[in-house]
Amino acid sequence: MCTQCDFRDALFAKGLLIDTGIDGLYGRSGVFEDVIARFDDLITRFGGGDGADIVRFPPGMNRALFEKSGYLKSFPQLAGTIHSFDGNDADHATLLGKLEGHEDWTQDQKATDIVLAPAACYPLYPVVARLGTLPDDGRLYDLQSYCFRREPSTDPARMQMFRMREYVRIGTPEQVTEFRQTWLERGPKLIACLGLPAELDVANDPFFGRAGRMLANNQRDQKLKFELLIPIESTEKPTACLSFNYHQDHFGSLWGIVRADGTTAHTACVGFGMERVALALFKHHGLDPKAWPAGVRETLWG
Ligand code: ATP
Ligand code: ZN
């Protein structure tokens, strides 16, 4: 039995998600988007008092900066690039001929200088580096973006294009670990307000290949990544809905983010999977938000 398809089929049937013919690429209904917007607002109620700078990047990022970020070393399997037509009239005729003949026309497309953002925080670090020396109390950002990851799946909670809200802290190791600790406490409270079961666990990123296994083990051993897991598709393997990542000085040294005393900045981020939390709400409370428990409705709609 395919329970993933059952839930996804139910979401399609209700019109909450709209089938595009591609696994992991969906339209969203007004009702679904309203839940996302209310959840977004709930995050702000928990984190908005911290005075983060709000920044919104588009879902595409500078390819040169992406190349420098090291993403292709760790996650080549997930990356998405943007290609485009770059030819003359003759090339155009060739393109149309290939389309007509149902041949592969994509070989003639050229890579552009834009790639798809794999996480909301990737475009941020080079921008912060450009601002110069960090202030003594560091920096805090509030981000949200559509992200792309090439991981097609029939599990509706594993999308190829989804939104990630993030808070990113940049500063001393103490400032950054305190930030993460604060969110490790806030995250479960926030999800409890939504009447959802959740558990925190140590986690690792899906680093590619044999060398990646070592990176993943190291990340777990050092407890650099935690996830707040909520059962959506299966109770045996609950889904990561919030992530709490401590990058140590990885991005600080890569991008040259330095403090006034010359030391390299540390960074951490908390990421909220917007669609995943919305899907958890639909899974646990039903497909009609009007029928959700009064406490949950009160939390979201006031
Ligand atoms: P997973 O372990 O399920 O692949 P992840 O740990 O790699 O997720 P992060 O890189 O930490 O995810 O991304 C931050 C948040 O973005 C996650 O906590 C999750 O809620 C959300 N997210 C990640 N991948 C997806 C996806 N394919 N579809 C929807 N949401 C996602
Ligand atoms: Zn991040």
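A: Begin with one residue. At 5% relative accessibility, Asp-142 counts as buried. Keep in mind that this is a predicted model.

Q: Which residue forms a salt bridge with Asp-142?
A: First the general idea. Side chains of opposite charge can pair when their charged atoms come close. In this case the partner is Arg-165, and the closest N and O atoms are 2.9 Å apart. Arg-165 lies in strand β8, while Asp-142 lies in strand β7 (residues 139-148). The two are 23 residues apart, so the pair links distant parts of the chain.

Q: Is Arg-165 buried or exposed?
A: Buried means under 20% relative accessible area. Arg-165 has a value of 1%, so Arg-165 is buried.

Q: How many salt bridges are there in the whole structure?
A: A search finds 15. Some residues are linked in a network of salt bridges: Arg-28, Glu-33, Arg-163 and Glu-275.

Q: Where do Arg-45 and Asp-41 lie?
A: Both are in helix α2 (residues 30-47). They sit four residues apart, about one turn of the helix. Arg-45 is partly exposed, at 47% relative accessibility. Asp-41 is partly exposed too, with a relative accessible area of 30%.

Q: What do the side chains of Lys-98 and Asp-108 do?
A: They meet in a salt bridge, at 3.0 Å from N to O. Lys-98 is in helix α5 (residues 89-100), and Asp-108 is in the loop between α5 and β6. The pair therefore ties together parts that are 10 residues apart in sequence. Lys-98 counts as buried at 18% relative accessibility, whereas Asp-108 is partly exposed at 40%.

Q: Now the metal. Which residues coordinate the zinc ion (ligand 2)?
A: To read a metal site, look for the atoms that hold the ion. Here the zinc ion (ligand 2) is coordinated by Cys-121 (SG), Glu-166 (OE) and Cys-269 (SG), at 2.1 to 2.3 Å. Along the chain, these donors follow the spacing C-x44-E-x102-C. Cys-121 lies in the loop between β6 (110-116) and α6 (124-130), and Glu-166 lies in strand β8 (residues 161-171), so this pair ties together parts that are 45 residues apart in sequence.

Q: Are Cys-121 and Glu-166 buried or exposed?
A: Cys-121 counts as buried, at 3% relative accessibility. Glu-166 is buried as well, with a relative accessible area of 1%.

Conventions: Residues are numbered from 1 along each chain as its sequence is written. Chains are lettered from A and ligands numbered from 1 in the order in which they are written. This is a predicted model: local features need pLDDT of at least 70, side-chain atom pairs count only at pLDDT 80 or more; totals for chains, interfaces and linings use all residues. Side-chain values use heavy atoms; hydrogens and water are left out. Donors are N, O and S atoms within 2.8 Å of the metal (3.2 Å for Na, K and Ca); water is not among the atoms, so sites may look incomplete. Buried means under 20% relative accessible area, exposed over 50%, partly exposed in between (1.4 Å probe, protein chains only). A salt bridge is a side-chain nitrogen of Lys or Arg within 4 Å of a carboxyl oxygen of Asp or Glu.
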